[in-house]
Amino acid sequence: MQNGNLEPDWAGHGLDKIALMLCGQLGITLKLGYGWWPPIDWRINENMSNTTTTKDDEYGVLLYYNYTKIPNLNDLFTFYNTNCTSLSLLGRIRLSPHGVNATIGGQPSSLKQHITALTSTYPSFTSTDFKLATSKIHPINNKTAQETGFTSLSIRIVKELVTFTSHHPPEIPISNAGQHLSAREFHSVLESAHPENLVLLDARNLYETRIGKFSPPNVETLDPKIRQYSDLSSWVDNNTEKIRGKKILMYCTGGIRCEVASAYIKSKGTGFENVFQLYGGIQRYIEQFPEGGFFKGKNFVFDHRVSVASSDPRILGTCLLCNNPYDDYSSRSRCNHCRMLVLVCTNCEGKSLYVCELCQKHVPEPNYISAPRKKLKILCLHGFRQNASGFKGRTASFSKKLKNIAEFIYIDAPHQLQYIHQDKKDADVACTPPKSKKFAWFVDPNDDVDTSGARFDSRQYERQTGGFDESYAYLKQKMCEFGPFDGVLGFSQGAFMAACVALKGEMGFRFVVMCSGYFGNLGGWEGGVITCPSLHIYGRDDGKDRQIGVDESRRLGMMFEKGCAVMVEHDCGHIIPTRSPYIDTIKDFLQRCLMARGVNEPSRARIPPSSARARLSCCRLELELGSFKVWYPSSSSAREKCKKLELGSARLVYLSSLNEPRLGSSSFMLFELD
C-alpha cells in the first residue's frame with residue numbers, strides 16, 4: 001500500500017492497467033489482505049461504457065439508506081458490485097457494519113430491478129424508503145457529474161454512513177433517533193404550530209440552505225450555517241439552550257442526516273426528548289406538495305441534477321458578488337479559502353475572488369485582490385532511483401486533493417541508473433519491473449563499477465554528491481520548456497536538489513516544498529539563511545521513514561529563514577501524507593503562496609487598522625489581514641523599495657514593483673487603511 005490507499009504495491013506502475021484489463025475480461029475481482037482489487041471506482045463494466053440512451057429517454061436517480069446490522073460486508077460488497085455493473089448503474093454506495101447509504105443512477109427499469117434484487121436477497125431492506133426520481137437530465141462527463149460521482153460506480157466500505165463529527169465519533173444509537181413524520185404529518189405540525197414551544201432545525205449545509213428552505217409562518221427556524229455535516233455536532237453542543245425543552249422538528253435532503261443528528265440530540269437527556277424528523281426528507285415533501293408547501297426554493301441534491309424544484313418559480317438564492325437572484329450551482333464555483341460551494345451568476349464568473357459568507361467574517365474585504373484566482377504551477381522532482389511516472393502515481397491522491405490550488409509537472413532526473421537488486425522492505429519505492437528506467441539528481445562520484453548485483457544501501461544518499469552541475473543545467477533547460485513555475489517540490493533526493501536550487505536563487509521559484517528532505521555534503525552553503533519560503537514535510541521520530549532520518553530533515557529546515565519555513569512532522573513514513581491535519585497545513589501553505597504571487601495590476605483593499613499588521617524582517621515583508629497572513633520574500637534591494645510602512649493610522653502602505661525573480665517583475669500590492 002502507498003499513501004494509505006488500498007492498492008497493491010505495483011499499482012500505478014503500468015501493471016495495474018494490465019491486471020485491470022484481465023480482471024475485466026475474466027469478470028473477476030481479487031480479494032487481497034487489505035481489501036478488493038481493482039478498487040470499485042476502477043471497475044466499470046465494459047457494457048456500462050457502451051450503453052447509450054436516446055435524448056428522449058428518461059434517466060432515473062435512486063436514493064435510499066437503511067440502518068440495519070450487516071453480518072457480512074464482503075458478501076454485500078459482492079452483491080452491489082455484481083448487480084450494479086450488470087445493470088449499468090453509476091453513482092456512490094457506502095457500506096458499513098451499520099447499514100447502507102446509496103445514490104445511484106441509470107435507466108428507471110434497471111433501478112427497479114436493482115430494488116427487487118436487493119429486497120429479495122436481503123429481506124431487512126424490504127421496509128426501506130426507496131426514493132426513485134426520473135428526469136430528462138442525463139449525467140454527462142462534465143464537472144458537475146464528476147464532482148457528484150455520476151461518471152463511475154464507487155462502492156466503499158466505511159465506518160460511518162455519514163460523518164457526523166470530525167472528532168472521535170460518539171456512540172450514537174440510531175434506534176433512539178427522532179420520531180418519523182410523514183410529509184403530511186410534518187406539514188400539519190407546521191400549520192398548527194405554537195411558536196413558543198416549537199423550533200424547526202435545518203440539518204443541512206449552508207450552501208444547501210441558500211437555495212431552498214422551509215419558511216413556515218410563526219415558527220422559529222434554526223439554520224446552523226455549517227460548511228459540512230461534521231460541524232453539526234459542535235453547533236448542537238454550543239446551542240443547546242436554543243432547543244432545550246422545545247419540540248424539535250428536523251429536516252434534511254433525504255432523511256439520513258436527521259437519523260444521526262436527532263439521535264445525538266436525544267442522547268443529551270432531559271429537555272431533549274421531543275425530537276421529530278421529516279421521513280424521506282425534502283424530496284418526499286416536494287413529491288407530496290408539488291407547489292412547494294412551506295418549502296421555498298430548490299432542494300439541493302448530491303447528484304448530476306444539482307437541485308430539484310417545486311412548481312413555485314420564485315428564486316430564493318442570490319449571486320455572491322452582485323446580489324441578483326440566482327440559484328444555480330452548475331458552475332461549481334467555490335470559495336477560494338474554504339472551498340465551499342458559492343452562488344456566482346454567469347455575468348460575474350471569473351471577475352473576482354470568491355469568498356463565502358462564512359469566510360467574510362474573517363476576511364475584512366472579500367474582494368481585496370481584483371483578479372481571477374489561478375493555480376500554482378509546481379515542478380516536481382522525484383527521489384533517488386525513481387522516475388517521473390512512478391512519482392506521479394505515488395502522489396496521485398496528494399495532487400487530487402490539491403487540484404484546485406496547484407498544477408504539478410513531473411520530470412525525470414538526468415542521470416539514468418542501472419538496475420540493482422533491492423529488498424522490498426528497504427526499497428525507497430515499491431518494487432517495479434526491471435525494464436522501467438530509474439533516474440537520479442545526484443550520483444556517487446566514486447561509483448564507476450557495475451552494481452547490477454549489489455544490495456540496496458539505505459544510507460547511500462550520503463555518498464551521492466556528484467552530478468549537480470549536469471542536473472542544474474538540465475533543470476534550466478526544463479524551465480525553458482515547461483516553465484515558468486511558481487514553486488518546486490522535491491521528494492527525498494529531489495528535495496536535496498530543490499534545496500540547492502533555492503540556495504542558488506537563480507531560477508525564480510517563489511517557494512519550495514521538501515518532502516523527506518536532507519542536505520547532502522555538496523558544499524556551497526556557508527551557514528547563511530535561505531530566504532525562499534519553504535514547506536518541510538517529513539516523518540517524526542516515531543514514524544516509519546527508514547530512508548531519511550528525522551534529524552536530517554530538521555537540519556534542512558533550519559537552513560531556511562525561520563519566519564518563512566513551515567514544518568509538517570507526520571507519522572506516515574517515507575511518503576507525502578494526504579490525511580488531516582497534515583494535508584490541511586499543506587493546503588494553507590500553498591494558498592498563502594497563491595495569495596502572495598501578486599497580480600499584473602495593483603490591487604486595493606480597505607482594511608481596518610485593528611485587522612492589519614505589517615512587519616519588515618531581514619528577509620521578508622509580512623502582512624496580516626484578519627486571520628489571513630501573506631508574506632513576501634524580500635532581499636535588501638526589495639526592502640529599499642518599500643516606500644512607506646506605517647500601520648495603525650490613516651497612512652498609505654505601498655510595496656512597489658520589486659523586480660525580483662521570486663515575485664515577478666510586476667508584483668505589487670496597494671493597501672489603504674480606514
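Colleague: Which residues of H14 are buried?

Modeller: This is a predicted model. In H14, Phe 468, Ser 471, Tyr 472, Tyr 474, Leu 475, Lys 478 and Met 479 are buried.

Colleague: What puts them on the same side of H14?

Modeller: Their arc around the axis is only 160°, so they share one side of H14. Asp 469 and Cys 480 lie on the other side and are exposed. Exposed requires over 50% relative accessible area.

Colleague: What do the buried residues of H14 pack against?

Modeller: They pack against strands S16 (376–381), S17 (406–411) and S18 (415–417), and against helix H15 (493–504).

Colleague: Why is H14 called roughly perpendicular to H15?

Modeller: The two helices pack at an angle of about 75°, with axes 11 Å apart. Roughly perpendicular covers 65 to 115 degrees. The angle therefore makes H14 roughly perpendicular to H15.

Colleague: Which residues of H14 and H15 meet?

Modeller: From H14 come Phe 468, Ser 471, Tyr 472 and Leu 475; from H15, Met 497, Cys 500, Val 501 and Lys 504. The residues of this contact divide into six nonpolar, one polar and one charged. Cys and Tyr count as nonpolar here.

Colleague: Now S5. Why is Val 100 called buried?

Modeller: Val 100 is found in strand S5 (residues 99–106). Buried means under 20% relative accessible area. Val 100 has 0%, so Val 100 is buried.

Colleague: Which residues is Val 100 in contact with, leaving aside neighbours within four places in sequence?

Modeller: Among them are Tyr 64, Tyr 65, Leu 76, Ile 93, Phe 125 and Leu 161.

Key: Residues are numbered from 1 along each chain as its sequence is written. This is a predicted model: local features need pLDDT of at least 70, side-chain atom pairs count only at pLDDT 80 or more; totals for chains, interfaces and linings use all residues. Side-chain values use heavy atoms; hydrogens and water are left out. Buried means under 20% relative accessible area, exposed over 50%, partly exposed in between (1.4 Å probe, protein chains only). Helices (H or I, at least four residues) and strands (E, at least two) are DSSP runs, numbered from the N terminus. The arc is that of the directions from the helix axis to the C-beta atoms. Contact means heavy atoms within 4.5 Å. Axes are lines fitted to C-alpha atoms, for helices over the stretch in contact, and angles run from 0 to 180 degrees between N-to-C directions. Angles under 35 degrees count as roughly parallel, over 145 as roughly antiparallel, 65 to 115 as roughly perpendicular and the rest as oblique.
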